[in-house]
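Visitor: Hi! I've got a model open here and would like to talk through its side chains with you. Could we start?

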Amino acid sequence: MTRSSRTVTPLSISVVIPTFRREAALRDTIADVLKQEYPQFEVIVVDQTADHEPETDRYLQDLSDGGKIAWYRVNWASLPGARNYAVRRATGDIIVFIDDDVQLEPHYLETHARNYRDRPEVGAVAGRVFDRMKLADSGGALKIEDLPPEAMDPGIAWYHIDLVHTIKPQQVLSARGCNMSFRRELFDKFGLHFDERYRGSAVREESDFCLQFRKTNRQIWYDPDASLIHLGEETGGCHDIGTKSVQYQITFYHNHFFLGLHNLTLGQCLRFFAKLFDCHVLGHPPCNKSGSPLKIVVRFGFYKLGLLKAMKTWVQSLWDDGQIYSRQDELYQLPR
């Protein structure tokens, strides 16, 4: 039998959708997943919403009863916790993570899967995100071929990785959490998990995971064809605090500082924290924030509070792995 005549079994896929206080956008996201042309996939919805609108409840219950989705309801809200919960229940060869407010083309899963076929060096795929806010800020005309070398430098990469405007496939250091996939076997083989100490909107939780992913010696491959539209709904998602609230600002800096303390060398940390100050406190590009002295002073206050809280979290990590929500799961202690 020739190679071309062999029947190739497709890689099975688990699509994971963590959700929190989303209604119509969640229903539309699931509908797009169920329209996928890919031959073998499951849908796992980890629902952190206490009470849905009746229409959403009926929709999810009907799909669950019909075996079209696996619908899990939990009584806590944590994006990394929800990802871990789903990983322990996923059966696919590939795990695809998407947000609960995205739009997909019918070939979306196929574009992720094709990167893993006959390419053992690829352990993860980062997809392109058509982010409406960022595209609007750039005017929609910006196109990037090759990311700069700085995009592979863990100390400053976060200000140079652009998975919105980049149009050329290439190796990258990290993915965006609303559009990424991984070989499931690597979670067990290398003890990978998402760190549940990332709070609030959980900003940088996927960055932390991708830095941990380096120990697999597999590539994270960026495929612009594995694209989706991220709606960026203002309500719901993975947190219930406004972006202008004090709590959000403190957790924003906490998460950035903890990313550095948890993963980087001293030199990398110093460069990262300096860039964080320059961009988010002083407001220089690419952040382009107000240069008002009063606002700079306020942002510096959040910066210092975030650093102190991150140092506390980091010290506690010496004896506590931070898997707060996973420890509530009966599968956490059981072999898979």
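Guide: Happy to. Let's begin with aspartate 223, which is buried, with a relative accessible area of 3%. Keep in mind that this is a predicted model.

Visitor: OK, which side chain does aspartate 223 meet in a salt bridge?

Guide: Arginine 114, at 3.4 Å from N to O. The two come from distant parts of the chain: aspartate 223 is in strand S9, while arginine 114 sits in the loop between helix H4 (108-113) and strand S6 (122-131), 109 residues apart.

Visitor: And arginine 114 itself, is that buried or partly exposed?

Guide: Arginine 114 counts as partly exposed, at 36% relative accessibility. Its side chain also meets aspartate 225 in a salt bridge, at 2.8 Å from N to O. Aspartate 225 lies in strand S9 and arginine 114 in the loop between H4 and S6, so this pair ties together parts 111 residues apart in sequence. Aspartate 225 is partly exposed, at 45% relative accessibility.

Visitor: How many salt bridges are there in the whole structure?

Guide: A search finds 18. One of them joins aspartate 153 and arginine 271, with their closest N and O atoms 2.9 Å apart. Aspartate 153 is in the loop between helix H5 (132-138) and strand S7 (170-172) and arginine 271 is in helix H9, so the pair ties together parts 118 residues apart in sequence. Aspartate 153 counts as buried at 19%, and arginine 271 as partly exposed at 38%.

Visitor: Which residues are linked in a network of salt bridges?

Guide: Arg88, Arg89, Asp329 and Glu330.

Visitor: Now arginine 183. What is the nearest side chain of opposite charge there?

Guide: Glutamate 185, 4.9 Å away. Arginine 183 is in strand S8, and beyond its neighbours within four places in sequence, its contacts include Asp93, Tyr116, Arg119 and Arg218.

Visitor: Switching to cysteines: which ones does a disulfide join?

Guide: Cysteine 279 and cysteine 287, with an S to S distance of 1.7 Å. The link is right-handed, with 100 degrees about the S-S bond. Cysteine 279 is buried at 0% relative accessibility, whereas cysteine 287 is partly exposed at 23%.

Visitor: Cysteine 210 is in H7. How many residues of H7 are buried?

Guide: 7 of its 8, so H7 is mostly covered. Among the buried ones are Glu205, Glu206, Asp208 and Phe209. The cover includes helix H3 (79-87), strand S8 (179-183), helix H6 (185-190), S9 and helix H8 (246-263).

Visitor: Last topic, backbone. Where is the cis peptide bond you'd point me to?

Guide: From proline 285 to proline 286, with omega near 10 degrees. Proline 286 lies in the loop between helix H9 (266-281) and helix H10 (293-316). Most peptide bonds are trans, and most residues other than glycine have a negative phi.

Visitor: Which residues have a positive phi, then?

Guide: Arginine 21 is one, with phi near 55 degrees, in the loop between strand S1 (13-19) and helix H1 (24-34). Asparagine 217 is another, with phi near 60 degrees, in the loop between helix H7 (205-212) and strand S9 (219-230). Asparagine 217 is exposed, with a relative accessible area of 71%.

Notes
Residues numbered from 1 in each chain as written. Predicted model: local features only at pLDDT ≥ 70, side-chain atom pairs only at ≥ 80, totals over all residues. Heavy atoms only, no water. Disulfide = S-S within 2.5 Å. Buried < 20%, exposed > 50% of the residue type's maximum accessible area, 1.4 Å probe, protein only. Helix = DSSP H or I, 4+ residues; strand = E, 2+ residues; numbered from the N terminus. Contact = heavy atoms within 4.5 Å. Lys, Arg positive; Asp, Glu negative; His and termini not counted. Salt bridge = Lys/Arg side-chain N within 4 Å of Asp/Glu carboxyl O.
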